Structure formats: C-alpha cells, structure tokens
Amino acid sequence: MAGRRLSSLLSRSLASSPALLSKGRRPLGGTTTGKYSTSAAVETPITPSVKVNYTQLLINGQFLDSISGKTFPTLDPRTGEVIANVAEGDAKDVDLAVSAARKAFDEGPWPRMTAYERSKIILRFADLVEKNAEEIAALETWDNGKTYEQSAKLEVPMFVRIFRYYAGWADKIHGLTVPADGSYNVQTLHEPIGVAGQIIPWNFPLLMFAWKVGPALACGNTIVLKTAEQTPLSALYVAKLLHEAGLPEGVLNIVSGYGPTAGAALASHMEVDKLAFTGSTETGKVVLELAAKSNLKPVTLELGGKSPFIVCEDADVDKAVEMAHFALFFNQGQCCCAGSRTFVHEKVYDEFIEKARKRAVNRVVGDPFLGGIEQGPQVDGEQFKKILRYIKSGIEGGATLEAGGERFGSKGYYVQPTVFSNVKDDMTIAQEEIFGPVQTILKYKEIEEVIRRANASRYGLAAGVFTQNINTANRLTRALRVGSVWINCFDIFDAAIPFGGYKMSGHGREKGIYSLSNYLQVKAVVTPLENPAWL
C-alpha cells in the first residue's frame, strides 16, 4: 500500500458533508483554534447492515460459551452503546484452548500435511474473505471506529494480500546442507515451533490477526489467539471463514477476554511454545516477565513508538504538510508508528505551522460509515479521556495550541484534530505516546541536532524523512535508531516489508521473510559418512 494512495484516499474535501460549526477558543499562550466541519451523523449515526453472528469463544473448531458463563460488552465508539455481549474467557478457557492446540499439533493433520496442502487452505481462506469483504469491513468499522473507506479499500485487501503472501511461503520453507570439517553429512531442519500464543491489539484488529496468524500457519504451527476486549468481533468472523476453507479443528483457537485474566494466562502457560504480542510497552514488559517466569518461551514484541517525522529545509512545504498530517492523523492517530514528533527546519517552520493548522481545521470528522469522512471516533472512553488529558498537559506545559483541543460533538468518543506548535523535547506530549489525533511540531536548526533529538527517545519504531536531497536522506536513514525509515512517504506496509522496532519499541520483526523465523525451530542433524566419495 503506497503512502500516496493512503493520503489521497483519506484526504477529502470539506464540502463532502454538511457542516455544523463549533466555536474556536483562545488557548493558554496560543492562537485561536479554528472551526471544524462535521456531519449531523455524529449525533444520529448510521445503523450498519452487518449482523453480529459470532460472539462465543472458538475452541477446537467449535463456538462455545466461556466456562464461567460470563460475557462483556463490546461498544460502538460512535455512541458508547453496546453492539453485542461477547464471551469472556479466563484462565480455564485458555487451558481448554491450549489443550486443543497442543493436541492438534502433536496428533493432528496440520503439521503433517504437505506444505502445498497448507498453502491451498490459506489461499481458499483469502478467497472467502474477498467474497465477504463488505461485511467484514463493516464489522471492523462498527467495532473500532475507523472509517469504512479505510476498512474496505485498504485493510481488508491488505489482509487478503498478507495471507496470500504467506500461502506462497508455506512450501518454500526449508533447511540447508552444511559442509563440516570431517566425514559427516550435516543438514538443518526448519521445524514448526509448536503452539503459538498470540495477543493482538485493538487499533488494527484484522491486520494484526493477519500479521501473526499468517506466518504461524504457513510454518505449520497451531495457535491460541487472544483478541483485544475492545474489538473482538472481526477476528471471530474471519476465523469462521478459515475453518470453512478447510482448517482442521484445534489449529486456530480464539479466546476473547481481558489482559490480566486471559492474556496473563496465555503468556504464562507452560504448554505454549512461543508468544507474540502487540500492544503498549508497559504491557509488553509484563508479558515478557510472565513468559520468562513460566517456561522461558521465546517472545516477539511490537510495542509503542514516538516516531520522528523530519521536514528538511529543502522540502516542498505543501507536500510535507500533507504527508506529516497523514503520518500522524491516520487511523485517528491510533497507530504505534505515527509520526508523532514533527521536527521542522527553522527556515520553513512558520509556513509549515500555518499550513498544518489549516489542514487540521479542514479535516472532516464524522460517522465513519459516511463517504468522505477522514476521521471517526477513538476506540473507547478510556482512550478518549487519555487523549484529552495529554492535550491538557500540552496546554499547561506551555505549548501553543494551534487547532483543536476539545472533544468533538456531544456523543461518542470523537476528538478534534489537534495541533501544537512551540513544543519542547522535555514536554510530556513530546515524550509519551498519545495514541490520538494530536500533532506536536518542534523546531530544529541543524541535521546533527535533529538526529540527536530524534534518537533521544526510549522508543525506536519508525521515522519519516522529507527532503529532496539524496545525501541528506541517506545520512538520516543510517543515523536514526529505528526499525523503519520512510523517505518522502509514510506507513508503507507491504506484506513483504518487515516491521519492528529498536529499544523499547520491542524486538523481532513481523511481515516479510523475517517473520517466519519467529515460528520455526532450527535443528541440526549430523550423520557420519563412511568412505565418502567427496566432502
């Protein structure tokens, strides 16, 4: 998926929806915030046509109630109202799911069928997702709040592409023949690791399902996956399609529930051979500790970020403003690699600030099911309140509020697109992951200075660089301590491109060939050779 394509799709005219204007206000020490465009549908949301058919746990190929009988509500972020009540799994349900996955791995057909047969099942699944794409996209938008255009035109197609990519890898995973000193035949075997525990976040439920389930299945593993309690619905839907495609019972098990109960039970389970987690750095530390204290299972972590987006003095300012806007506000700002520290060279800083302010004011916020909407609600009330607390911190800390700063409308979890200028490195909004539609813009003077400041973060997930000078681009690419650097683009998430971070943004890589090693064991096999013709 190209950044230009994403930006074009998500950048819509202000005239695309009827406008209800709210007054701006005078911030502390800043300029007057602008007026915002919204749709009446924020107050009277569209009713999705999709039906919620799957709300139980999926264990051993069957949809089941939780052992406790408990359920929890999943909410419509547009209103805060209940969409459905979902089975709440806990440690006992995790035990049941892991037992099913263990039996499917130790005794079942999945790791024993040919890799080509596994690939055909994965390909059939991708075809079924395409056939049901509209319903899946609607479910994702309803449960998460992201725009339907984003779900339907970007995320479902990418979901399909990722599974087809890993279906292609299934029969190309193999070991090596290794020369040794002496009369020995040495080979390496790449074996499936076993039962994989996977914990996915709420910001990209479908894509995180694909990033983790795709390579694990291609390698011949079985899985117990815990969904985020905020967004459990789409994973259950597509899992049903995966079984329709021919996936054997017990290979994929899904437990919906909360982190301290279901998540902790999965991370510490003695029969889980590998763990993969995407979420906050704080929770990642807990997951890693639980894995270490149980059976020392290997863990891959894709965690938080505070990614720099560096606008150089030679940049085309109009293009840089649009790309920086996209880098931050995409997915309501709920993106681990969001360009949340916008460093702008002092020569173009003032021009950039004014244009960034206008772009934020013109961002169209409303019901994500409407065409032309760029920004829907935040995922839930907790995230909504957290973002508003960070905005308050920015104002009280002395940054200039250029745009936004308040809730949007009176219903649901909408936040105004917000822009701060005159941000300093030691401010909370410049150091901590906000995970919302809040752009912080910082000024710099020299390349060495911005390299030092960009790297002065506990995170190291991604970075963006906007320049017309190839030497500047190359210098920054090698100096920035991050897992991904996007030059004159952002959020390029092709199935083959690895993704992961440095420092406290995690370890290991997802997507591409690199993710396969997360789900494989390497075994060396040595056999003596008697009177070999050659060595």
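**The second largest cavity and other features**

Modeller: The second largest cavity holds about 70 Å³ of space. The model is a predicted one, and its structure has six cavities of 30 Å³ or more. Around the second largest cavity there are 13 lining residues. Those nearest its centre are Gly333, Ala338, Ser340, Ile434 and Phe435. Sorted by class, the lining consists of seven nonpolar, four polar and two charged residues.

Three strands make up an open, antiparallel sheet, and their order is 5-6-22. Strand 5 (177-178) and strand 22 (520-528) are its edge strands, each with pairing on one side only. Strands of a sheet pair through backbone hydrogen bonds, either parallel or antiparallel. Between strand 6 (residues 184-192) and strand 22 the pairing is antiparallel and runs over nine bridges. Valine 525 in strand 22 has glutamine 187 opposite it.

Then the aromatic rings. The count of aromatic pairs is 21. One of them joins phenylalanine 493 and phenylalanine 499 edge-to-face, with 5.3 Å from centre to centre and 80° between the planes. Both phenylalanine 493 and phenylalanine 499 are buried. They belong to one aromatic cluster, which also includes Trp211, Phe309, Phe466, Trp486 and Phe490.

Tryptophan 211, a member of that cluster, has lysine 511 over its face, at 5.3 Å from the ring centre. Tyrosine 519 has lysine 274 over its face, at 5.8 Å from the ring centre.

Note on methods: Residues numbered from 1 in each chain as written. Predicted model: local features only at pLDDT ≥ 70, side-chain atom pairs only at ≥ 80, totals over all residues. Heavy atoms only, no water. 1 Å grid on protein atoms, 1.4 Å probe; cavity = no way out; pocket = protein on both sides within 12 Å on 5 of 7 lines; lining within 4 Å. Points joined across faces, edges and corners; volume = space filled by probe spheres on them. Nonpolar A, V, L, I, M, F, W, Y, C, P; charged D, E, K, R; others polar. Pairing = 2+ DSSP bridges. Helix = DSSP H or I, 4+ residues; strand = E, 2+ residues; numbered from the N terminus. Phe/Tyr/Trp six-rings, centres within 6.5 Å; stacked < 30°, edge-to-face > 60°. Buried < 20%, exposed > 50% of the residue type's maximum accessible area, 1.4 Å probe, protein only. Lys NZ or Arg CZ within 6 Å of the ring centre and 35° of its normal.
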